[in-house]
Amino acid sequence: MRLRFELSEPPPSLNNSKSSFMAGKKLRTVSSPEYKAWQKLAGHELNRQPGQLPNPCYWRSDILIPASKTKADLDNLPKAIHDLLVKHGRVPDDRYKVDVR
């Protein structure tokens with residue numbers, strides 16, 4: 001089975017996906033506003049496209065991101081895309097993933 005999903009924007013770099021702040025004496029880490037905005041936009045785009053892999057299964061992904069679309073280190077981007085696909089039920093948990101290209 002082969003699925004294809006297209007997103008208009010690449011995710012922000014994982015280096016910019018979290019914000020940290022002090023809450024009392026504890027350091028809290030949350031998703032950055034930029035990352036949340038990308039998740040919302042990409043989630044809406046993904047929900048308009050068909051396709052879902054059976055669960056469980058082993059899967060691999062081929063991710064094509066034009067270098068002109070991002071200044072991020074390209075090997076930082078698949079994690080956010082995989083997390084989005086899992087969150088929206090399109091692929092099984094990415095612990096079953098066997099290859100990324």
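Trainee: How many helices and strands does the protein chain have?
Mentor: There are two helices and four strands in the protein chain. Keep in mind that this is a predicted model.
Trainee: Got it. What pattern do they follow along the sequence?
Mentor: Reading along the sequence, you get β-β-α-β-α-β. As for overall dimensions, the C-alpha atoms fill a box of roughly 50 × 35 × 25 Å along the principal axes.
Trainee: Is the crossing left-handed or right-handed?
Mentor: Helix 1 passes helix 2 in a right-handed crossing.
Trainee: And which residues meet there?
Mentor: From helix 1 you have Y35, W38, Q39, A42, G43 and L46, and they meet A80, I81, D83, L84, L85 and K87 of helix 2. By class, the residues of this contact are eight nonpolar, two polar and two charged.
Trainee: Nice. Switching topic: how much space lies in the largest pocket?
Mentor: The largest pocket holds about 910 Å³. It is lined by 29 residues, and L3, R4, F5, D62 and I63 are the closest to its centre.
Trainee: Which element gives the most to that lining?
Mentor: Helix 2 does, with four residues. Strand 3, residues 59–61, also supplies at least two.
Trainee: What's the lining like by class?
Mentor: The lining of the largest pocket has 19 nonpolar, three polar and seven charged residues.

Note on methods:
Residues numbered from 1 in each chain as written. Predicted model: local features only at pLDDT ≥ 70, side-chain atom pairs only at ≥ 80, totals over all residues. Heavy atoms only, no water. Left-handed = near helix turned anticlockwise from the far one by under 90°. Contact = heavy atoms within 4.5 Å. Nonpolar A, V, L, I, M, F, W, Y, C, P; charged D, E, K, R; others polar. 1 Å grid on protein atoms, 1.4 Å probe; cavity = no way out; pocket = protein on both sides within 12 Å on 5 of 7 lines; lining within 4 Å. Points joined across faces, edges and corners; volume = space filled by probe spheres on them.
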